[in-house]
Amino acid sequence: MTQNAEKASLGVARSPVIEATEASTVAPPPRPSPPSIWRQPYLWLVVLAGVVVFNFLYAFPRYFSTDSTNSRSILDQDVQIHFGLLVAHVVTGNIAMITVLLQLWGWLRRNHPRVHRFSGRVYIFAGALPSAALGVFVLIPLRADHQGSIGIVTMGVAWIATTITGLVMARKGRYAEHQRWMAYSFALALGTTWGRILVGLFTIWPTMPLAVSVIVELANWLGWVVNLLVAHWYIERRAKRRHTPKGDEIVTYPSPAVAR
């Protein structure tokens, strides 16, 4: 019996040593590779901030001076408030672009949702809707030259539609759809950026073998169409897809409340 007790004690003493040895041989889990620089959200936020500053500097120096001779658009001399309407359009448009920057700031949305909601209301009611409405229903009809007007009007109508749809989705608590439609609205808010860059390039390179009418039409369509395609690609890329045993595909879009 004494021998059995000694064996038992030896077995108990030996077990922790064996377990410790086995645990020490287990390889640590591999460290996750750092995300690509192109997947860093703050990189794109900085790029967007640069776009906002570019638009601000492009528009405000001319219209904030209150000198109608600085207007890039030909003014209708029979409409005394034409320049004032242009200034209102420029101010509300820049409000929209600045609040777009705030709306896309993930840290602000996660940590200060009240500020996010307030800036969203400012974007809609003091930026997007008045700027688009002024452009579509007032300024375009007053233009002396209607080259490129179809592209601008189409963009303005789409901007109003996507903004109102995004607002309705938020009121219904359908936040994933709200995020989708507001992403489209933001893309349209920045739709004139590429057109302005194109105009600047054509100004630097005046020998471009294209008619002025073609350049204007291209500038007024290309920017917002490209932005919409990029916004749609980004939304679909973040979606999670799985297939049921029957072969049906189920797509889940992340809600802004939990999205990074």
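## Starting at Y123

Leaving aside residues up to four places away in sequence, Y123 touches A96, T99, V100, A128, W159, T163, M182, S185, F186 and A189. Keep in mind that this is a predicted model. Is Y123 buried or exposed? Y123 has a relative accessible area of 0%, so this residue is buried, given that the cut-off is under 20%.

## The cores

Y123 also turns up in the largest nonpolar core, a group of 19 residues. Along with V100 and W159, Y123 is among the residues with the most contacts inside that core. Which elements give two or more residues to this core? They are α2 (41-63), α3 (82-103), α5 (113-142), α6 (149-171) and α7 (175-189).

There's a second, separate core too, with 11 residues, including F60, L85, L86 and L142. As a bit of background, nonpolar side chains in soluble globular proteins tend to be buried together.

## Aromatic pairs

How many aromatic pairs does the structure hold? The count is 4. One of them joins Y123 and F186 edge-to-face, at 5.0 Å centre to centre and with 85° between the planes. Y123 sits in helix α5 and F186 in helix α7, so this pair ties together parts that lie 63 residues apart in sequence. F186 counts as buried as well, at 8% relative accessibility.

W181 and Y184 make another edge-to-face pair, with 5.6 Å centre to centre and 90° between the planes. This one stays inside a helix: W181 and Y184 are both in α7, 3 residues apart, so about one helical turn separates them. An α-helix has 3.6 residues a turn, so residues three or four places apart point the same way.

How far does α5 reach from its first C-alpha to its last? With 30 residues, α5 reaches 41 Å, close to the 44 Å expected at 1.5 Å a residue. Where is the kink in this helix centred? The spot is G135, and the kink in α5 is about 40°.

## H82

One last stop is H82, found in helix α3. H82 has a relative accessible area of 3%, so this histidine counts as buried. Setting aside residues up to four places away in sequence, H82 touches I74, L75, D76, L139 and L142. L142 was met above as part of the second core.

Methods: Residues are numbered from 1 along each chain as its sequence is written. This is a predicted model: local features need pLDDT of at least 70, side-chain atom pairs count only at pLDDT 80 or more; totals for chains, interfaces and linings use all residues. Side-chain values use heavy atoms; hydrogens and water are left out. A nonpolar core is a set of buried Ala, Val, Leu, Ile, Met, Phe, Trp, Tyr and Cys residues joined through side-chain atoms within 4.5 Å. Buried means under 20% relative accessible area, exposed over 50%, partly exposed in between (1.4 Å probe, protein chains only). Helices (H or I, at least four residues) and strands (E, at least two) are DSSP runs, numbered from the N terminus. Contact means heavy atoms within 4.5 Å. Rings of Phe, Tyr and Trp (its six-membered ring) pair if their centres lie within 6.5 Å; planes under 30 degrees apart count as stacked, over 60 as edge-to-face and the rest as tilted. The expected span of a helix is 1.5 Å times one less than its number of residues. The bend at a residue is the angle between axes fitted to the seven residues ending there and the seven starting there.
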